[in-house]
Amino acid sequence: MTERGIGSALRESVVNLRDFDRWATLAWIDTTLRYRRTMLGPWWVTLSTGVLIGSVGLVWGAIFNMDLAAYMPFFATGIILWTLISGSLTEGCNVFTQAGSLIKSVPVPLMTHVYRMLARQIIILTHNAVLIVLLWLIFQWPLSWSVVLVVPGLIIVAIALVGGVLALGILCTRFRDVPQIIAAILQLLFLLTPIMWTSDSIRGKAVSVMLDINPFYYLLEVVREPLLGHSPESYVWIGAGVVSLTSLLIGHALYGRFRHRVAYWL
Amino acid sequence: MTSITTENNLPIVSYIRFDHVVVDFTIYQASARLLKKTLLHNAVGGFIRTSEQSNRVSVRALQDINLNISSGDRVALLGHNGAGKTTMLRAMAGVYSPTSGSVDVSGRRMSLFDLGLGLDADATGYENILLRGLIIGLRRADIERKVDDIVAFSGLGDFLDLPIRTYSSGMMLRLLFSIATSLEADILLMDEWLGMGDQDFIVKANRRLHDLIDRSHILVFASHEIALLEQTCNRGVILEGGRIVFDGAVKEAIALYSKQVT
């Protein structure tokens with residue numbers, strides 16, 4: 001009765017994914033509860049990201065001497081995607097520890113907690129996405145048919161996040177130092193990933209190796225490029241695909257192997 | 001064995017089977033060195049073991065449990081604090097999968113361990129009904145069918161539109177109890193009795209709980225309240241240090257257990 005393989009983990013993942021109604025409703029209730037008694041509700045997310053994009057965009061645009069019409073959309077799309085990725089991974093560290101009393105009382109598949117948390121992140125993303133629309137209305141950068149590539153791009157990112165959150169959730173439940181390490185790494189990666197600065201500024205220099213080995217770079221590019229009106233180059237697709245698939249496999253291998261231990265580690 | 005017919009007209013038989021079940025907890029933060037000297041059978045708790053190599057402490061909460069519970073059984077779990085009652089209930093609930101051995105369960109299980117499970121103080125009574133239902137694995141449609149019953153039984157009326165942090169403790173108990181007992185289950189797992197609230201509600205609550213138990217196929221009930229156990233159960237299992245030391249008629253179990261205690 002205790003299946004341990006990666007196959008059974010993947011199967012469980014898919015079965016729980018179909019339970020959309022349940023985890024999406026939970027995520028929605030979580031979100032409304034979090035902002036209950038505030039006037040703006042979840043639009044607080046939009047407002048605070050908006051202020052960040054406006055102020056940082058102006059200052060850094062001036063520092064780099066860049067055209068605001070080019071820099072603002074670039075920074076806005078980058079930071080919004082980064083919020084999704086880093087938010088998911090940070091919360092992913094606590095996804096099982098936070099649900100501790102639940103996990104110890106009812107045998108609900110652990111995947112439910114993962115999807116519930118990711119759905120919350122997607123709700124935040126949706127609220128932030130309004131800003132991209134607003135910015136487009138202001139700057140009207142040229143978009144082409146390639147904008148539809150956002151969809152496969154986001155699917156690739158979502159798959160990478162499911163795997164990453166599973167792996168982190170399990171590791172962080174067992175080793176309580178990991179969340180601190182992850183927080184530090186994410187902080188560092190925010191600066192090392194082209195979000196505030198463009199990749200062109202280091203292309204051709206030796207440090208550009210940093211881009212090639214940075215998994216987050218590919219995940220950002222695969223969504224950001226279509227949003228900015230470009231079609232991602234093939235190395236971006238391949239890079240993002242490899243990152244996503246690796247993450248999915250590692251996450252599910254760990255999940256298959258250790259899901260029955262999680263209750264004991266809590 | 002009584003077989004019971006479900007809505008689909010498939011006769012089903014509920015059972016819980018433990019085959020050489022061992023449950024070990026590894027305590028990661030305890031200092032093994034400190035505990036090494038206190039390696040002994042304590043008055044309470046399971047058996048604490050340390051391993052020289054790994055510097056880890058592990059507690060054997062259940063040791064080699066063989067148990068067969070079938071439809072119609074109303075099992076009283078008796079034992080000192082830390083004898084393994086809760087661990088055993090959790091293993092039955094499917095929360096802990098055994099370190100070795102196997103647990104085989106057939107039938108819809110419902111555990112009534114933590115009434116406040118998954119509730120949110122800022123959410124309204126209605127929202128909490130939904131939250132709780134979703135968390136234990138129901139779909140929205142299933143929950144919506146139960147809402148009227150929960151509303152009627154709790155007697156909270158319009159208060160259900162208010163956040164539950166505004167409830168008095170009695171009102172809170174009414175809601176928690178009504179939600180927890182609104183679901184049908186083949187196997188009921190209970191850690192302590194749930195009857196509570198003001199005098200009126202206790203009578204109502206006890207009746208509802210008895211109905212729920214009567215409709216279930218199996219009850220496993222851990223408690224220290226001897227009178228309640230004797231009244232509800234027909235079989236008694238005594239746990240001691242993670243082992244079953246007695247399994248038989250509830251009257252004998254209680255007599256034996258009472259003798260041990262005094």
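1. Which helix of chain A holds the place of Thr112(A)? Thr112(A) belongs to helix H6 of chain A, which covers residues 110–139. The model discussed here is predicted.

2. Thr112(A) is classed as partly exposed because 19 C-beta neighbours lie inside 10 Å of it; a residue would need 20 or more to be called buried. Apart from neighbours within four places in sequence, Thr112(A) makes contact with Asn16(A), Arg22(A) and Trp23(A). Glu221(A) stands 109 residues from Thr112(A) in sequence, and the C-alpha atoms of the two are 29 Å apart in space.

3. A second residue of chain A to look at is Glu233(A). Glu233(A) sits in the loop that links helix H10 (215–227) to helix H11 (234–258) of chain A. Is Glu233(A) buried or exposed? Glu233(A) counts as exposed, because 11 C-beta neighbours are found inside 10 Å, and the limit for that class is 12 or fewer. Val222(A) is eleven residues away from Glu233(A) along the chain, with 8.7 Å between their C-alpha atoms.

4. Next comes the contact between the chains. How many residues does each chain bring to the contact? Chain A gives 19 residues and chain B gives 26 residues. On the chain A side, helix H2 (20–34), helix H5 (100–103) and helix H12 (262–265) each supply at least two residues. H2(A) has the largest share of that side, with six residues. By type, the chain A residues that touch chain B are ten nonpolar, five polar and four charged.

5. The largest nonpolar core has 131 residues. Those with the most contacts inside this core are Val114(A), Val165(A) and Leu219(A) from chain A, together with Leu77(B), Leu189(B), Val220(B) and Phe221(B) from chain B. Helix H4 of chain A, residues 68–93, makes the largest contribution to the core, 13 residues. In chain B, domain 1 (4–107 + 222–261) and domain 2 (125–185 + 198–205) both give residues to the core, so the core lies between these two domains. As background, nonpolar side chains tend to be buried together in soluble globular proteins.

6. Phe221(B) is among the residues with the most contacts inside the core. With neighbours within four places in sequence left aside, Phe221(B) is in contact with Val75(B), Ala76(B), Leu77(B), Met190(B), Leu229(B), Thr232(B) and Cys233(B).

7. Chain B also has an open sheet of six strands, in the order E8-E9-E10-E6-E11-E12, with mixed pairing. Strand E8 (109–112) and strand E12 (243–249) are its edge strands, each pairing on one side only. On average, neighbouring strands of the sheet are turned by 15° against each other, direction ignored. In general, the strands of a sheet pair through backbone hydrogen bonds, either parallel or antiparallel.

8. Both senses can be followed at strand E11 of chain B, residues 235–240. Strand E6 (residues 74–79) of chain B runs parallel to E11(B), and five bridges join them. One of the pairs is Ala76(B) with its bridge partner Gly236(B) in E11(B).

9. E11(B) and E12(B) pair in the antiparallel sense over six bridges. Arg235(B) stands opposite Ala249(B) of E12(B), and Glu240(B) has Arg243(B) of E12(B) as its bridge partner. The hairpin of E11(B) and E12(B) has two residues between the strands, and in this hairpin Gly241(B) takes a positive phi near 55°.

Conventions: Residues are numbered from 1 along each chain as its sequence is written. Chains are lettered from A and ligands numbered from 1 in the order in which they are written. This is a predicted model: local features need pLDDT of at least 70, side-chain atom pairs count only at pLDDT 80 or more; totals for chains, interfaces and linings use all residues. Two residues are in contact if their C-beta atoms, placed from the backbone, lie within 7 Å. Helices (H or I, at least four residues) and strands (E, at least two) are DSSP runs, numbered from the N terminus. Ala, Val, Leu, Ile, Met, Phe, Trp, Tyr, Cys and Pro count as nonpolar, Asp, Glu, Lys and Arg as charged, and the others, Gly among them, as polar. Two strands pair if DSSP finds at least two bridges between them. Axes are lines fitted to C-alpha atoms, for helices over the stretch in contact, and angles run from 0 to 180 degrees between N-to-C directions. A nonpolar core is a set of buried Ala, Val, Leu, Ile, Met, Phe, Trp, Tyr and Cys residues joined through C-beta atoms within 7 Å. Domain bounds come from an automatic or database domain assignment.
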